[in-house]
Amino acid sequence: MPTLEELNKLYATDSINFQVGEGGLPKCTITHPNATAEFYLNGGHMTHFQPTEHQPVLWMSSESKFEAGKPIRGGIPICWPWFGQAVEENRPQHGFARNTNWTVVETQETVDFVAIELKIESNAETKSIWPHSFELKLRFEIGKKLSIELETRNTGAASFRIGTAIHSYFNVTDASNIELSGLDQVDYIDQLDNNLPKQQQGEIKIREEIDRVYIESGHQVSIVDRTMNRVIKIKKSGSQSTVVWNPWISKANRMADFPDDGYRTMVCVETANAFTDVREIAPDEQHVIMQKISVA
Ligand code: BG6
C-alpha cells in the first residue's frame, strides 16, 4: 500500500490532498471552489460531499467505526458483487467492495470539477470469497454535482452475476417530514414483509422503518426537504432498481455503529442492481452503473 507521501506525490493537485483520517486510515480531501468532499480508500467510501453554498449532502454516523477491512457507516458505501445477504455462508452482507482497500488510478482537476479513479482487481483473497476474475473501477467526479460511476469488467473465462448498490446516505432535517418523489406507481419488494411485491402510490413519506427495493424504477428520484428548503436529485443509469431504507427506532438501537436518534436525520436512496435487476456479465464484457447527485 503506498504511503501518504507517495499518494500526494503522484496524485495531489491544488484541490486534492491525501491525509490521515479517522482510525488512522488514509483519506482524500477535496477542497475545490465548487465543492468540498472526502473519501476513504478503505471501501472507496465517500464520507462527505458539500457543494459550495449548500449544507452537507451526505449523512455520516457519529458512531461509525473506521477500521481497515470493515465498512464505514454513512456516506456512500459501495455494495458489490452482491446486494444484501449472500446466499452462501461466511460471505459478508452487501459484498466485499466496501471492506476492501482501493488503489488510486488517476486524478484530474479542472475549473469545474475534480475527478478521481480508483480500482480493485480480483486476487487470491477475493477469489476465496467469490471465485471470479474481475476489474472494478470507481470514478468520482466532484463539482457542483457529485457523479459516481462503477464499472465492472469480467476478466475471466466464465460469465458471472453481480448485484450492486451505490448505497447513499442522505442528510435531511427530519426524515418524518420529507417526501421522496419519482417512484409513484412503481412496484417494490417489501423487505420488511417477507419480500412481498407491492406497489407505491404517490410520494414516499417515512413514518416507520422502511426497507424496499423498487423494481423498474425510473431515472430520477428526488428528496424534497421543505424545512431545509432543499431538493436533492438523484439521477442514474445502468440501474433499474432503487432501494429506500431508514432503520427507524428499534433497528437504529440494535446497530452498534448507528446513533439511537440517527434515523431522524437520514434516508438511504440507493442506486442498485438488486433482485430481478442483477446483471450477468460475459467474459470481456463490462457493466457501468452511474449515479449523479445534485442539490437545488
Ligand atoms: C440496505 C438494506 O440496503 O442496507 C437493509 O436494504 C440493511 O436491509 C441496510 O439493513 C444496512 O445494511 P448494513 O449491512 O450496512 O448494516
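Q: Why does Lys137 count as partly exposed?
A: Its relative accessibility is 25%. Buried means under 20% relative accessible area, exposed means over 50%, and partly exposed is in between, with a 1.4 Å probe and protein chains only. The value of Lys137 falls in between, so the residue is partly exposed.

Q: What kind of model is this, and how are residues numbered?
A: This is a predicted model: local features need pLDDT of at least 70, side-chain atom pairs count only at pLDDT 80 or more, and totals for chains, interfaces and linings use all residues. Residues are numbered from 1 along each chain as its sequence is written, and side-chain values use heavy atoms, leaving out hydrogens and water.

Q: What makes the pair Glu117 and Lys137 a salt bridge?
A: A salt bridge needs a side-chain nitrogen of Lys or Arg within 4 Å of a carboxyl oxygen of Asp or Glu. Here the N to O distance is 3.9 Å. That meets the rule, so the pair is a salt bridge. Side chains of opposite charge can pair when their charged atoms come close.

Q: Why can the pair of Glu117 and Lys137 be said to tie parts together?
A: Glu117 lies in strand S7 (residues 114–121) and Lys137 in strand S8, so the bridge joins parts that are 20 residues apart in sequence. Strands are DSSP runs of E with at least two residues, while helices are H or I runs of at least four, numbered from the N terminus.

Q: Is Glu117 buried or exposed?
A: Buried. Its relative accessibility is 13%, which is under the buried limit.

Q: How do you know that Arg139 and Glu141 form a salt bridge?
A: Their side chains meet at 3.4 Å, N to O. That is within the limit, so the pair qualifies. Arg139 is partly exposed at 23%. Glu141 is partly exposed too, at 27%.

Q: Why does Glu270 have no salt bridge?
A: The nearest side chain of opposite charge is Arg98, 8.5 Å away. Lys and Arg count as positive, Asp and Glu as negative, and His and the chain ends are not counted. Glu270 is buried and lies in strand S19 (residues 266–273).

Q: What makes the pair of Glu270 and His167 a polar contact?
A: The two side chains are 3.3 Å apart. A polar contact is a pair of N or O atoms within 3.5 Å; within protein, one must be able to donate a hydrogen and the other to accept it, and residues adjacent in sequence count only if both atoms are side-chain atoms.

Q: What makes the group with Lys145 a positive surface patch?
A: The members are Lys145, Lys233, Lys235 and Lys292. Patches take residues with over 30% relative accessible area and no salt bridge; like charges are joined within 9 Å, and nonpolar side chains (Val, Leu, Ile, Met, Phe, Trp, Tyr) within 5 Å. Lys145 has 45%, so it passes the area cut-off and is partly exposed. Lys145 sits in the loop between strand S8 (134–142) and strand S9 (146–154).

Q: Why is Pro77 called buried?
A: Its relative accessibility is 1%, so it is under the buried limit. Pro77 lies in the loop between S4 and S5.

Technical notes
Areas by Shrake-Rupley, 256 points an atom, 1.4 Å probe, with all protein chains shown as cover. Charge placed at Lys NZ, Arg CZ, Asp CG, Glu CD.
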